[in-house]
Amino acid sequence: MHQQSVHDYLKSHIRTVPDWPAPGVQFRDITPLLQNPRVFRVLIDAFVHRYMDPALRPDIVAGLDARGFILGSVVAYELGLGFVPIRKKGKLPFTTVEETYELEYGSATVELHTDAIQPGQRVLLIDDLIATGGTMMAGKRLIERLGGSICEGAAIVDLPELGGSQRLRDEGLQLFTLLSFEGH
């Protein structure tokens, strides 16, 4: 498959659910990408082939709770790397560092084990979608607090109108997304 056809192929398997979770929201559902084994392989291979490049190759993959776990663990496995979960607060049993970020209404906190990232490690930070960018920014800050450097932040979908990808780039995070959808 050529790059454009991979893009079109994957985009055709994203389900848009109108008015969920609130009126006016166009929810971009990635679960159809995971249900079909051929589509899932095309999706994972798009990331794996990118990060096999020695210039972009990470030392470890970090996935954001929860859909970043699905992508990140499979990408890490295919690259022969370890995987680190960045979890919602209260889910990790060992000593953690935490980062709180703002949501549309309220805030949320994510955590990372203090021994998950070694100083100097190159980390691929992965999630399913970039909306406001808050979760990925919190993950970036956690990794950097432990001395890691992020080679790239990656996601399947970018929702550029919500401004998250621009905010992340403004904070110095190199981003790679496979698809972009207008609206939110």
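Buried here means under 20% relative accessible area, exposed means over 50%, and partly exposed is what lies in between, with a 1.4 Å probe and protein chains only. Helices (H or I, at least four residues) and strands (E, at least two) are DSSP runs, numbered from the N terminus. The model is predicted, so local features need pLDDT of at least 70 and side-chain atom pairs count only at pLDDT 80 or more, while totals for chains, interfaces and linings use all residues. Residues are numbered from 1 along each chain as its sequence is written, and side-chain values use heavy atoms, leaving out hydrogens and water.

**View 1. Helix α3 and its buried residues.** Helix α3 covers residues 37-51. Its buried set is Val39, Val42, Leu43, Ile44, Ala46, Phe47, Val48 and Tyr51. At the start of the helix, a side-chain oxygen of Asn36 comes to within 2.8 Å of the backbone nitrogen of Arg38.

**View 2. Glu152 and its polar contacts.** Glu152 sits in strand β8 (residues 149-158), and it counts as buried because its relative accessibility is 1%. Its side chain makes polar contacts with the side chains of Arg50 (2.7 Å) and Tyr51 (2.5 Å). A polar contact is a pair of N or O atoms within 3.5 Å; within protein, one must be able to donate a hydrogen and the other to accept it, and residues adjacent in sequence count only if both atoms are side-chain atoms. Tyr51 also turns up among the buried residues of α3.

**View 3. Strand β6 and its partners.** Six of the seven residues of β6 (residues 107-113) are buried. Strand β4 (residues 82-88) runs antiparallel to β6, joined by two bridges, and Lys88 has Val110 as its bridge partner. Seven bridges link β6 to β5 (residues 96-102), again antiparallel, with Glu98 partnered by Glu111. Strands are taken to pair if DSSP finds at least two bridges between them. The β5-β6 hairpin has four residues between its strands, and Gly106 there takes a positive phi near 100°.

**View 4. Gly90 in the β4-β5 loop.** Gly90 lies in the loop between β4 and β5 and, at 63% relative accessibility, counts as exposed. Gly90 and Glu111 are 21 residues apart in sequence, yet 7.9 Å apart in space, C-alpha to C-alpha.

**View 5. The largest pocket.** This pocket has a volume of about 1,100 Å³. Of its 29 lining residues, Leu103, Leu129, Ala131, Thr132 and Leu162 are the closest to its centre. A pocket is an open set of points on a 1 Å grid over the protein atoms alone, where a 1.4 Å probe fits, with protein on both sides within 12 Å along at least five of seven lines; lining residues have an atom within 4 Å of a point. The lining splits into 15 nonpolar, six polar and eight charged residues. β7 (122-130) is among the elements that supply at least two residues each, and its four make up the largest share.

**View 6. Helix α5.** Another contributor to that lining is α5 (134-145). With 12 residues, α5 reaches 17 Å from first C-alpha to last, close to the 16 Å expected. Its buried residues include Met136, Met137, Leu142 and Ile143. Just after the helix, Gly147 takes a positive phi of about 95°.

Notes. Points joined across faces, edges and corners; volume = space filled by probe spheres on them. Nonpolar A, V, L, I, M, F, W, Y, C, P; charged D, E, K, R; others polar. Expected span 1.5 Å × (residues − 1).
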